[in-house]
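Hello,

Please have a look at it first and then read on.

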Amino acid sequence: MENKNYKKLITILSIVIPVAVAILFGVKLDITLPVFLPPIYATINAITAVLLVGAVIAIKNKKIRIHEVLIKTAMVCSALFLVMYVLYHMTSDSTEFRGTGTIRLVYFFILVSHIILSITVIPLVLTTFVRGINREVERHKKIAKITFPIWLYVAVTGVIVYVMIKPYY
């Protein structure tokens, strides 16, 4: 993919995805889903975290093909999470966290950092991915060192937020 083209596409996607999610949060569909999505998408977040750690282990052991498969699978999981997350919020009212005191502060710190970094990580993941598939190894490695911990944090904190709010569903 030509350098300029993928930068434009990444920029567009990095803006369109969060804006679309914000807009879709305002859309309420009067349907009942056949399954309760939060535990499903929390599990997908956990799987994403495991895949990311596995991908790092694979690349450190020079297992490039395994690394590629794990990263592609993590990207699919992240996309599935996003679709399910938006669908849940389009069909259900948001659940209020009713914890009090310090745990409330901890919850909101984790939630807010998770949301901010989930937006921030979009261009990082896309840029890292494109550099990898274009075999721009040094540039890929350089940005992957930034992308990996943020993406992992987002995946893990997604699970933590679910576990913390689960009693209030």
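Ser 113 is found in helix H4; helices here are DSSP runs of H or I with at least four residues, strands are runs of E with at least two, and both are numbered from the N terminus. With a relative accessibility of 13%, Ser 113 counts as buried, where buried means under 20% relative accessible area, exposed over 50% and partly exposed in between (1.4 Å probe, protein chains only). A polar atom of the Ser 113 side chain lies 2.9 Å from the backbone oxygen of Phe 109.

A word on the source: this is a predicted model, in which local features need pLDDT of at least 70 and side-chain atom pairs count only at pLDDT 80 or more, while totals for chains, interfaces and linings use all residues. Residues are numbered from 1 along each chain as its sequence is written, and side-chain values use heavy atoms, with hydrogens and water left out.

Back to H4, which covers residues 102–133. Its 32 residues should span 46 Å at 1.5 Å a residue, and the 44 Å between its end C-alpha atoms agrees with that; the expected span is 1.5 Å times one less than the number of residues. H4 also has a kink of about 35° at Val 121, shortly before the proline Pro 123. The bend is the angle between axes fitted to the seven residues ending at a residue and the seven starting there.

Just after H4, Arg 135 takes a positive phi of about 60°; Arg 135 is in the loop between H4 and helix H5 (137–165) and is exposed, at 53% relative accessible area. Lys 62, likewise a residue other than glycine, has a positive phi near 60°. Lys 62 sits in the loop between helix H2 (37–60) and H3, and is exposed with a relative accessible area of 70%.

What about the other end of H3 (residues 64–91)? Leu 87 is found in this helix and is partly exposed, with a relative accessible area of 30%. In the loop between H3 and H4 comes Asp 93, exposed at 64% relative accessible area. The C-alpha atoms of Asp 93 and Lys 28 are 8.7 Å apart, although 65 residues separate the two along the chain.

Happy to talk any of this through.

Best wishes

Key:
Polar contact = N/O pair within 3.5 Å; in protein donor to acceptor, adjacent residues only side chain to side chain.
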